[in-house]
Amino acid sequence: MRLDVFKLPVLLILLLVASPAFGQESPGFSLPDGVTGQTTGLIVQLFGLVTILAVAPGLLVMVTSFTRFVIVFSILRAGIGLQTTPANIVMVSLALFMTFYVMSPVFDRAWQDGVRPLVDQEISEEEALGRIVTPFRAFMLDNVRDQDLQLFTDLARERGQEVGTGDALDIRVIVPAFMISEIRRGFEIGFLVILPLLVIDLVVATIIMAMGMMMLPPSVVSLPFKILFFVMIDGWNILVGSLVRSVA
């Protein structure tokens, strides 16, 4: 108890000494006085750029042909019977660079018509957004299936939404329809790729069963034959060329 009594005056003295320091203004938190409209516009542009970079992977999947390429490569690897070869990073990187190759005209047009004038402060943010979206809209309309586009158009109108028509169709309708179309085309191409590999599996399994080797997994025997078949027909060249040509 005596120790607490002696501590109380010491604490009061320390508080009295420190009070002027707490009352001083910190120079590090002072706000600039000359904030102009141009500075505010630059801040808004920087915030928009950071937001776009954060959602860039999702945008790449939604409005490009990346989905089609990844699905086909995954089905091919499963059809051959390889679990980790090629590695995921190799397949994703190949699909990514193929996407950039196919989408380069769209990216160039979006940069020349929208991004560069915006950076040079020749147009407003709203006008730049419309110019950037226009080439992607045209690309998706060229590759979307009419059935999928009609589905989401009808769903939007049932909910009382105005979606427009033709080239003025709402982008919120085009994007999901385009994604469904890309997934469908990916599975269609993947089926055509995996079909000859499935034939090899059936032939090997029939031969093994006829020889009475019940305990030998057919996949162990068919794997080298499928790899040899795919290499001898130059499968990667044919597959990549067909995928690039399949994009309108």
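Below is a short chat about the salt bridges and aromatic pairs in this predicted model.

Colleague: How many salt bridges does the structure hold?
Modeller: The structure holds four salt bridges, and since the model is predicted, everything I tell you about them is computed from its atoms.

Colleague: Which residue does aspartate 148 form a salt bridge with?
Modeller: Aspartate 148 pairs with arginine 145, and the closest N and O atoms of the two are 3.2 Å apart.

Colleague: And are those two buried or exposed?
Modeller: Aspartate 148 is buried, and arginine 145 is buried as well.

Colleague: What about arginine 184, which side chain does it meet?
Modeller: The side chain of arginine 184 meets that of glutamate 188 in a salt bridge, with 3.0 Å from N to O. Both residues lie in helix 8, which covers residues 171–210, and they sit four residues apart, about one turn of the helix.

Colleague: How accessible are arginine 184 and glutamate 188?
Modeller: Arginine 184 has a relative accessible area of 41%, so it counts as partly exposed, and glutamate 188, with 39%, is partly exposed too.

Colleague: Where does aspartate 201 find its salt bridge partner?
Modeller: The partner of aspartate 201 is lysine 226, and their closest N and O atoms are 3.2 Å apart. Aspartate 201 lies in helix 8 whereas lysine 226 lies in helix 9 (residues 218–232), so this pair ties together parts that are 25 residues apart in sequence.

Colleague: Why does lysine 226 count as buried, and aspartate 201 as partly exposed?
Modeller: Lysine 226 counts as buried because its relative accessibility is 4%, where the cut-off for buried is under 20%. Aspartate 201 is at 22% relative accessibility and therefore counts as partly exposed.

Colleague: Switching to rings, how many aromatic pairs are there?
Modeller: A search of the whole structure finds six aromatic pairs. One of them joins phenylalanine 107 and phenylalanine 136, a tilted pair at 5.8 Å centre to centre with 50 degrees between the planes.

Colleague: Which helices does that pair tie together?
Modeller: Phenylalanine 107 lies in helix 5 (residues 88–119) and phenylalanine 136 in helix 6 (residues 125–143), so the pair ties together parts that are 29 residues apart in sequence. Phenylalanine 107 is partly exposed at 26% relative accessibility, while phenylalanine 136 is buried at 14%.

Colleague: What sort of pair do phenylalanine 230 and tryptophan 236 form?
Modeller: Theirs is an edge-to-face pair, 5.6 Å centre to centre and with 90 degrees between the planes. Phenylalanine 230 is buried, with a relative accessible area of 10%, whereas tryptophan 236 is partly exposed at 35%.

Colleague: Which residues form the aromatic cluster?
Modeller: Phe97, Phe100, Phe107 and Phe136 form one aromatic cluster.

Methods: Residues are numbered from 1 along each chain as its sequence is written. This is a predicted model: local features need pLDDT of at least 70, side-chain atom pairs count only at pLDDT 80 or more; totals for chains, interfaces and linings use all residues. Side-chain values use heavy atoms; hydrogens and water are left out. Buried means under 20% relative accessible area, exposed over 50%, partly exposed in between (1.4 Å probe, protein chains only). Helices (H or I, at least four residues) and strands (E, at least two) are DSSP runs, numbered from the N terminus. Rings of Phe, Tyr and Trp (its six-membered ring) pair if their centres lie within 6.5 Å; planes under 30 degrees apart count as stacked, over 60 as edge-to-face and the rest as tilted.
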